[in-house]
Amino acid sequence: MAFNEEILKRQLGKYKFRDLTINEMKDVHQKFPDLKSSQDTYTFSDGSQKDLLNIIGTIPVRHQGSSYNIPIRIWILDSHPFGPPLCFLRPTSKMVLRVGKHVDTRGRIYLPYLQHWSHPKTNITGLLNDMIAKFEEVIPLYTKSSTEAPSLTDLNTIIAKISSGASDISAEPPMQAADYYPSKVTVLGTGDLGMACTMSILAKDIVEKIVFIPTTENTVKSGTLDMEIFHLPKVEFSRDYSKSADSSVVIVTANTWGGEKSYLEALQSNVDLFRSIIPNIVQHSPNCVLVIASQPVDVMTYMSWRLSGFPPHRVIGTGCNLDTRRFQFILGKSVKMSPAETEAWIIGEHGGNEVCVWKGLEGDNGQNNNPDMVTDHETCKQQAYRAFKGLKDKSQRSWSVGLSVTDLTETVLRNLDHSHSVSTMVKGWYGISSEVFLSLPCTLTRAGVVSVSAPKISEQDEEMLQNSAATLQNLFQQLKI
């Protein structure tokens with residue numbers, strides 16, 4: 001079948017990076033002409049559905065002198081090429097899965113190439129070549145003998161349904177874009193926050209391994225001595241940065257605050273610390289996403305970006321994520337909506353100069369679509385914001401931030417394509433011309449930030465963001481980077 005670019009353009013109408021995806025599909029068609037593409041509905045575990053492009057067919061694999069055609073299906077997410085595809089085997093009723101390092105019991109394919117997906121270094125053609133190479137080492141399927149139990153047929157039928165995104169499966173839940181990728185996370189820092197991040201990630205069970213690296217020699221004073229004493233599953237305590245190699249996410253909680261230093265002196269001390277740890281960590285994990293929780297977060301996220309050499313989309317500050325999640329929760333309770341439906345955000349500079357945004361219940365026509373729920377948008381927003389501020393003043397900071405960090409880490413590791421108010425490069429937004437980091441709603445995947453939104457705000461709020469940017473820029477000029 002000839003490659004039809006016009007049909008593909010229509011199928012990819014809702015894809016964020018349509019042209020890049022089309023270019024990759026052209027290359028796939030030239031090098032793997034037996035693979036066909038189509039658009040089908042993928043069902044997620046929460047019951048939601050998306051029309052996604054997928055590639056179906058067989059790939060040629062040679063093993064011990066014999067040739068095999070391995071049936072596969074690859075789902076291309078709408079964040080492609082910045083988010084890795086979802087790959088499955090498609091065994092027929094006469095085939096049985098060989099579960100191993102690269103294939104699980106549900107037919108999901110795991111490869112290092114997927115784990116370290118990073119555009120433009122990775123693409124679908126490279127993925128297929130890597131898949132062939134790994135399957136030539138160990139064939140992932142074998143032919144079922146006539147004496148094997150009929151239940152294997154049923155199992156493979158379920159697997160085939162899972163790989164196709166079917167929703168009518170009783171034995172196993174449908175696969176989703178958020179399915180677990182084998183991942184490694186490094187937590188870099190000391191004190192309660194570093195421990196809170198570690199414990200929260202463990203509780204979520206989203207990683208294979210956590211490496212905890214203290215950034216001070218005095219583990220008694222920093223509160224991390226107990227991490228050395230008590231063994232925690234999946235946690236390795238080390239002072240050797242090489243132990244962090246190939247981490248998918250690196251969380252930085254390091255700070256040097258304390259003593260009688262002035263604000264600028266304390267900040268310079270923090271920058272000096274980062275000058276030693278950031279290059280060290282990125283040397284061993286050059287494809288990671290950096291999540292910065294150190295304070296002041298907008299400043300330290302900028303410093304991490306400068307010192308890492310990473311593109312801005314792979315350096316994320318916790319920013320206003322915690323504040324936004326709290327505000328959405330309280331507002332949702334007030335208007336009887338789920339937090340995801342409120343379209344409420346805290347954006348801007350983390351701290352006292354943040355901006356509260358709520359689209360409310362108005363539709364595109366500017367009218368309240370549900371007047372029975374709330375009649376005064378601004379009053380409701382202000383009441384919810386006051387409640388949020390009260391919660392913020394009373395909360396236990398380390399555990400709260402640890403939960404927020406885990407929230408971001410889970411979105412990245414599981415490729416959830418969720419939006420969070422995180423500290424990101426804001427040059428070009430709201431009339432800001434300088435390279436500074438402030439919080440805006442960002443869609444996150446394993447590639448980091450794949451898109452940024454700019455909610456409509458008042459001129460007064462826009463001026464506040466511009467003032468924050470100018471203040472940060474002036475501060476950067478006083479620091480020695």
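Which residues of strand β10 are buried on one side, and which on the other? Val249 and Ile251 are buried on one side, and Val250 and Val252 on the other, leaving both faces of β10 (residues 249–252) covered. Here "buried" means under 20% relative accessible area, with exposed over 50% and partly exposed in between (1.4 Å probe, protein chains only). In a regular strand, side chains alternate between the two faces of the sheet.

Keep in mind that this is a predicted model, where local features need pLDDT of at least 70, side-chain atom pairs count only at pLDDT 80 or more, and totals for chains, interfaces and linings use all residues. Residues are numbered from 1 along each chain as its sequence is written, and side-chain values use heavy atoms, leaving out hydrogens and water.

Now look at β10's partners. Strand β7 (residues 184–188) pairs with β10 in the parallel sense over four bridges, and Val185 sits opposite Val249. β10 also pairs with β11 (residues 289–292), again parallel and over four bridges; there, Val252 stands opposite Ile292. Two strands count as paired if DSSP finds at least two bridges between them. Strands (E, at least two residues) and helices (H or I, at least four) are DSSP runs, numbered from the N terminus.

Next, find the open sheet made of four strands, in the order β1-β2-β3-β4, with antiparallel pairing. β1 (36–43) and β4 (86–89) are at the edges with a single partner strand each, so one side of each has no neighbour in the sheet. β1 pairs with β2 (residues 49–63) over eight antiparallel bridges, and Tyr42 stands opposite Lys50 in β2.
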